[in-house]
Amino acid sequence: MIDKNGRQPAAQPELSALSTAEPAGGERPPARSVPLVIAAGLLVIGNEILSGRTKDKNIGHIARVMTEIGVDLKEVRVVADEEPAIVAALNELRTRYTYVFTTGGIGPTHDDITADSVAAAFGVPLVYDPEAVALLRERLGGADLNAARMRMTRVPRGATLVTNKISAAPGFWIDNVIVMAGVPAIMQAMLDEVIPKLRVGAKLIAETVRADLREGDIGSELAAIAAAHPEVMIGSYPFMDDGGPNTNVVLRARDPEKLAAAKAAVERMVAQVRAVLAERPRGDVPARQTAGGST
């Protein structure tokens with residue numbers, strides 16, 4: 001858990017699964033290492049996202065970066081600029097995940113209520129942070145640090161600032177909640193500041209198998225492989241190429257040996273299905289495809 005100053009505890013060793021059975025002689029077998037998993041949630045805040053006026057560009061960036069560093073982004077929620085909705089979503093997410101990122105709603109206008117809502121969720125007052133005020137004064141030079149701009153210097157008591165190298169107005173970090181701007185360039189700059197401070201787990205490794213089959217050709221077979229390899233995440237993704245409908249099978253896991261075994265099973269399966277379909281007379285469509293159109 002991150003403390004109120006944004007510090008992380010010393011890195012912990014990977015979790016281990018130990019056998020509870022005591023074998024003869026009182027000796028335990030060697031512990032099997034279980035990869036450490038760090039999970040995160042993302043709360044996107046803003047009426048403009050829900051209305052369609054603004055197309056969100058932050059979810060994909062955060063998801064990609066989290067995957068790269070070894071944090072599993074498990075959930076994304078989008079809520080309006082309404083304090084009860086923000087507080088409820090934040091309180092649920094922050095008890096569920098190691099980290100919660102928020103984007104949006106920390107600007108100078110009346111509807112920028114993220115700081116107010118986070119303070120309410122934690123039951124602490126909002127305060128004007130002296131460092132944030134100084135940063136904004138330096139950035140604005142002779143411009144008026146009026147009431148609207150001062151709103152961007154408010155943080156929940158006990159929070160630590162997240163530096164913003166683009167426009168100076170900072171985000172903040174309180175407990176396991178990291179609050180960032182909604183403007184993509186600014187959010188990305190804030191995320192860059194946060195990444196070195198995050199505790200990370202074992203990274204997911206991914207492999208892709210091009211099936212050269214329609215998704216409906218391999219649905220049942222792929223389900224069987226997924227059941228036989230529960231520690232490997234397997235997804236099928238249809239696409240169109242010059243030859244018509246096609247499918248990529250994407251496999252993800254933390255254990256390279258288990259990933260390799262599942263990939264080999266998929267490769268064998270698609271080869272077998274292709275061979276069976278090649279032997280069928282043209283126009284002989286399997287029953288499971290007749291209602292599925294091009295898939």
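This is a predicted model: local features need pLDDT of at least 70, side-chain atom pairs count only at pLDDT 80 or more; totals for chains, interfaces and linings use all residues.
What is the mean pLDDT of the chain, and what share of its residues reach 70 or more? The mean pLDDT comes to 86, and 83% of the residues reach 70 or more. Two stretches sit well below that cut-off. Over residues 1–26 the pLDDT is below 50, and this stretch has 49 contacts in the model beyond near neighbours in sequence. Residues 286–295 also stay under 50, with 17 contacts in the model beyond four places in sequence.

Now for the helix pairs. Two packed helices are described by the angle between their axes and the distance between the axes. Start with helix α2, residues 58–69, and helix α7, residues 184–194: their axes come within 10 Å and cross at roughly 20 degrees. Angles under 35 degrees count as roughly parallel, and α2 and α7 are therefore roughly parallel to each other. The crossing of α2 past α7 is right-handed. If you want to find the contact on screen, pick out Asn58, His61, Ile62, Val65 and Met66 on the α2 side, then look across to Pro184, Met187, Gln188 and Leu191 on α7. Sorted by class, that contact of α2 with α7 holds six nonpolar residues, three polar ones and no charged ones.

Seven of the residues in the contact of α3 with α4 are nonpolar, two are polar and three are charged.

Further on, have a look at helix α8 (residues 215–228) and helix α9 (residues 256–279). Their axes come within 10 Å and cross at roughly 150 degrees. Angles over 145 degrees count as roughly antiparallel, so α8 is roughly antiparallel to α9. This is another right-handed crossing, α8 past α9. Asp217, Ile218, Glu221, Leu222 and Ile225 of α8 meet a row of α9 residues: Ala262, Ala265, Val266, Met269, Val270, Val273 and Leu277. The class tally for the contact of α8 with α9 is ten nonpolar, no polar and two charged.

Why does the pairing tie together separate parts of the chain? Tyr99 lies in strand β5 (residues 99–103) and Trp173 in strand β9 (residues 171–174), so the pair links parts that are 74 residues apart in sequence.

One last stop is Arg139, which is found in helix α5, residues 130–140. Which residues does Arg139 contact once its neighbours within four places in sequence are left aside? They are Ile166, Ser167 and Ala168. Take Ile166: it sits 27 residues from Arg139 along the chain, and the C-alpha atoms of the two are separated by 9.7 Å.

Methods. Residues are numbered from 1 along each chain as its sequence is written. Side-chain values use heavy atoms; hydrogens and water are left out. Axes are lines fitted to C-alpha atoms, for helices over the stretch in contact, and angles run from 0 to 180 degrees between N-to-C directions. Helices (H or I, at least four residues) and strands (E, at least two) are DSSP runs, numbered from the N terminus. Angles under 35 degrees count as roughly parallel, over 145 as roughly antiparallel, 65 to 115 as roughly perpendicular and the rest as oblique. A crossing is left-handed if the near helix is turned anticlockwise from the far one by less than a right angle, and right-handed if clockwise. Contact means heavy atoms within 4.5 Å. Ala, Val, Leu, Ile, Met, Phe, Trp, Tyr, Cys and Pro count as nonpolar, Asp, Glu, Lys and Arg as charged, and the others, Gly among them, as polar. pLDDT is the predictor's confidence in each residue, from 0 to 100.
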